[in-house]
Amino acid sequence: MSTTNPFANLFGKSPFKALQVHMRIVLECAREIPPLFDALAAGDQEAVVTLKNKIFEREAEADKIKNDLRGALPKSLFMPVDRRDLLEVLQMQDSIADTAQDIAGMLFERRMEIPAFMKEPMLALARRSVDACEQSAKIIEELDELVAMGFRGREATQVEEMVEKLNLIEDDTDDLGIELARHLFEHEDEMKPVSVMMWYQLIEWVGDLADYAEKVGDRLRLLIAR
Amino acid sequence: MEIIATYGFIFMAMAVVFGLYMTWGIGANDVANAMGTSVGSGAITVKQAIIIAAIFEFAGAFIAGGNVTATIRKGIIDPSSIVNQPEILVYGMLAALLAAAIWLMIASSKGWPVSTTHSIVGAVIGFAVVGIGVDAVQWGKVGQIAASWVVSPVLGGTIAFVLMMSIRRLILNTDNPFQSAKRWGPAYVFLLGFIISLVTLFKGLKHLKLELSVGMSFGVAVIFGLVLAGIGWMLINRVKVDPSADRDFHFASVEKVFTPMMVFTACAMAFAHGSNDVANGIGPLAAVVSIVQSGGEVAQKASLPLWILVLGGVGIVTGLATMGYRVMKTIGSGITQLTPSRGYCATLAAAATVVLASRTGLPVSTTHIAVGAVIGVGLARGVGAIDLRVIGNIVVSWLVTLPIGAGLAAVFFFTLKGMFG
């Protein structure tokens, strides 16, 4: 008979699944950042290109999912969460992928060479930022359970705790970033001025990965509170 | 009177054909809606749904369906002014059947969420107004029916909401949700058996020569509930924790406990649908048959012959097996969001509401109640996304179905009157 049955129509596509799929891809983008700095430090331009391409591909994929999800969220959809909050979470997730793309683009296009004193601290910062992304992805994976529990009870408490932990990780990245910037400024006379500016920008961006990850968690908290 | 005597056999034959057509349409679309939540939650396959439907639709119509059939047969119109022209009622009922069946065909091919109940009620009213007169319609009763169309989905939604909340409190929000699910699972099965059987028995089953006092009804309902709970307990005990599935979704094993329970709700839903909606097809048929067989008596109190029920059952199962199959598949793949626990709440709530309405003789829309129950689960923040446009479509289809059913019935009524005189 028809595919447009009142029951089949009643259920919109759950936005939470798409949000999770989006986050998984975003996480893949972020995860490539430490190897990228590794490859850069090792002077392996080939690996840099491969990693950059991978990030760009993933970012495009994430964009597509983002746009599809946005298009599939008409106002007539009745969801257990506020539509605007949901879109905010999505936006924050997407910003992580965007930032990863910015970092990869800059490292590749400007053929940056990493100064020896920055190698280790930069990697540490990148790793910790990715930790933050991992944590926020873990939180997003809890969405199924949150829906099952109606965004209340133990599950909500557990997610709150995960968000707390995420905030702590983000604090770490702040410290690492400030430390690294201080290092950079100490060495600024030995470097080309533009390079100093660019590296400062990169430190900012790598820190932004964690910033956006934290915001994903914070927005999710709003989602729960409604 | 002579018209009935002359054309009696033709009228009967027409009534049987139209009745089959109508029940076929009900089976093709309506049953699929009723069973959709069970199939969608993955608890039963489409094939199992058809078998369950075949058995319990019939049981529902046979055991608990009499009141609705009576309402459609003689509750909506007052035939006292046409006692001397029984053929008017025969034309009317035939016209109503055909009108409702055709409108259902059109609507379901367009995907409009119309209700079989609304179609037939609209059609009966339509013929009564043009064939007998505005006063022949029991407007009080019609008002009651219309009110039940608003109240019943709300009631279904409320019950589903409460059930969902109780499952969260007793099972999901505990240290070991899986153990809690196993402990409370049989209690939920008991609840289902108890409610459905209590509602069914409460007013007694006169046509089965079974008159139970309130106390006895309670007793029987408790026993029935306990038996079901026992079966449920055995089924639930076989469910094992699935650690790999739990990693992905922590409540995966809990949901597995609800899967066997959904089989019971599927049966309950088919029973409820049978008690309410089969009457839409066989009510008018029964009216025609009783007039013809009694040689033209309009307002007698004949009981519902068994063969008519069987006919209705055959029509529904045929509809389900030929077309409903595909509809159910569509629904099943469309509502993956409905996990067994949510499906359980929605289906039990809907089934209980439908049976309750049926026992009071109010023809309600199973589809709309089921939609209401799902929204109840959604209000408990339990469903990812519900498209509220469907509600809009339902309201529109209400407003449209009644006049169109009535109009079509009027046209067919005059056609039949012209043909037979």
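User: Is the crossing of H8(B) and H10(B) left-handed or right-handed?

Analyst: In this predicted model, the crossing of H8(B) and H10(B) is right-handed.

User: Within what distance do the axes of these two helices come, and at what angle do they cross?

Analyst: Two packed helices are described by the angle between their axes and the distance between the axes. Here H8(B), residues 214-237, and H10(B), residues 252-293, have axes that come within 9 Å. They cross at roughly 145 degrees.

User: Which residues of H8(B) meet which residues of H10(B)?

Analyst: On the side of H8(B) the residues are Leu228(B), Gly232(B), Leu235(B) and Ile236(B). They meet Val257(B), Pro260(B), Met261(B) and Phe264(B) in H10(B). By class, this contact has seven nonpolar residues, one polar residue and no charged residues.

User: Why is Ser290(B) called buried?

Analyst: Ser290(B) lies in helix H10 of chain B. The label requires 20 or more other C-beta atoms within 10 Å. Ser290(B) has 22 and is therefore buried. In sequence Ser290(B) stands 200 residues from Val90(B), yet their C-alpha atoms are 9.8 Å apart in space.

User: What makes Pro305(B) partly exposed?

Analyst: Pro305(B) has 14 other C-beta atoms within 10 Å. A residue with 12 or fewer would be exposed, and one with 20 or more would be buried. The value of 14 falls in between, so Pro305(B) is partly exposed. Pro305(B) sits in the loop between H10 and H11 of chain B. Its C-alpha atom is 11 Å from that of Leu285(B), which is 20 residues away in sequence.

User: Why is Lys182(B) called partly exposed?

Analyst: The count for Lys182(B), in helix H7 of chain B, is 19 other C-beta atoms within 10 Å. Buried residues need 20 or more, and exposed residues have 12 or fewer. Lys182(B) is therefore partly exposed.

User: With which residues is Lys182(B) in contact, leaving aside its neighbours within four places in sequence?

Analyst: Lys182(B) is in contact with Ile236(B) and Val257(B). Contact requires C-beta atoms within 7 Å. For Lys182(B) and Val257(B), 75 residues apart along the chain, the C-alpha separation is 6.7 Å.

User: How do you know that the radius of gyration of chain B agrees with a compact globule?

Analyst: A compact globule of 421 residues would have a radius of gyration near 22 Å, and chain B has 22 Å, so the two agree. The C-alpha trace of chain B spans about 75 × 45 × 35 Å along its principal axes. Chain B has 14 helices and one strand, and buried residues make up 62% of its 421 residues.

Definitions and conventions: Residues are numbered from 1 along each chain as its sequence is written. Chains are lettered from A and ligands numbered from 1 in the order in which they are written. This is a predicted model: local features need pLDDT of at least 70, side-chain atom pairs count only at pLDDT 80 or more; totals for chains, interfaces and linings use all residues. Axes are lines fitted to C-alpha atoms, for helices over the stretch in contact, and angles run from 0 to 180 degrees between N-to-C directions. Helices (H or I, at least four residues) and strands (E, at least two) are DSSP runs, numbered from the N terminus. A crossing is left-handed if the near helix is turned anticlockwise from the far one by less than a right angle, and right-handed if clockwise. Two residues are in contact if their C-beta atoms, placed from the backbone, lie within 7 Å. Ala, Val, Leu, Ile, Met, Phe, Trp, Tyr, Cys and Pro count as nonpolar, Asp, Glu, Lys and Arg as charged, and the others, Gly among them, as polar. The radius of gyration is taken over C-alpha atoms; the globule rule is 2.2 Å times the number of residues to the power 0.38.
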